[in-house]
Amino acid sequence: MNDFGRARADLVDDLVRDGHLRSAPVRAAFLAVPRERFVTEDLHRKAYVDTPLPIPMGQTISAPSMIAIMLEEAELAEGQKVLDVGTGSGYNAALLAAIVGGANVVSIERHAGLVDFARQNLAAAEIAGVRLVVGDGTLGYEPLAPYDRIVVTAGAPRIAKSWVRQTRMGGLIVAPVGRSTFSQVLVVARRTGEDRVEARESTPCAFVPLVGREGW
Ligand code: SAH
């Protein structure tokens, strides 16, 4: 095991001990995906600190504990089709790919420059099959809908109508929702009807704003 591998295993131990990593598939994904590949080289030494880190275009890769909480709340299983809103570095998409299979992950990002960044990072991490789309994820991504899960990693003013319509009946949407653009609560919403969800609040969080038609 190299130094990154050791640091990764130590971080996973911490996340298990603190109760953030609870299921075998999410834990295995955190052990499998090299987070150092999803940050710029100057930040490599911080890749396994449990903190958000800056990525290009003024965005951030979320703290590992926050991503662990989200992925556990999403109740993921192999073979589910997942829409990842806010590709950023591609790290969350990589973890999703490790759990549900690369070909089942669609990831949408509004900045074309970040889609390029994520594409390079996924290739460097040897994760294949993830579909990357440049576009406004507040509208979901209709061409490949419906999804079993929609996971959003930018702060939204509300659960967008498009997400509900593009989630399979009984499927889950996990998104940071809040009145302020830098302070939200993680909402877990299960689709129960045409335009209906049953939503519950999980944990407070702070994501960068979701900018778009149904966003800020
Ligand atoms: N999941 C990412 C981090 C997300 S940061 C990772 O693992 O690195 C939030 C991202 O959401 C930013 O890259 C931002 O550009 C993007 N974003 C904001 N509004 C968006 C929108 N309407 N559609 C798609 N992406 C959006």
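Here is a short chat about the sheet and the ligand site in this predicted model.

Me: What should I know about the model before starting?
Reply: It's predicted, so local features need pLDDT of at least 70 and side-chain atom pairs count only at pLDDT 80 or more, while totals for chains, interfaces and linings use all residues. Residues are numbered from 1 along each chain as its sequence is written, and side-chain values use heavy atoms, with hydrogens and water left out.

Me: What makes E7 and E8 a pair of strands?
Reply: Two strands pair if DSSP finds at least two bridges between them, and strands themselves are DSSP runs (E, at least two residues; helices are H or I, at least four), numbered from the N terminus. Seven bridges join E7 (residues 167-180) to E8 (residues 183-193), so they pair by that rule. They run antiparallel, and a hairpin joins E7 to E8 through two residues. Leu 172 has Arg 190 in E8 as its bridge partner, and Ala 175 stands opposite Val 187 in E8.

Me: How do E6 and E7 pair, in the parallel or antiparallel sense?
Reply: Strand E6 (residues 147-152) pairs with E7 in the parallel sense over four bridges. Tyr 147 stands opposite Thr 167 in E7.

Me: What kind of unit do E6, helix H6 and E7 make?
Reply: With H6 (residues 161-166), they make a right-handed β-α-β unit. The word "right-handed" is used because, with the strands pointing away from the viewer, the path from the first strand over the helix to the second runs clockwise.

Me: Why do E5 and E9 stand at the edges?
Reply: The open sheet has seven strands in the order E5-E4-E3-E6-E7-E8-E9, with mixed pairing. E5 (131-134) and E9 (196-205) each have a single partner strand, so one side of each is left without a neighbour in the sheet.

Me: What puts Ser 89 around the ligand?
Reply: A residue counts as near if one of its heavy atoms lies within 4 Å. Ser 89 is one of the 25 residues around the ligand, and among those that come nearest, together with Glu 109, Gly 137, Thr 153 and Val 211.
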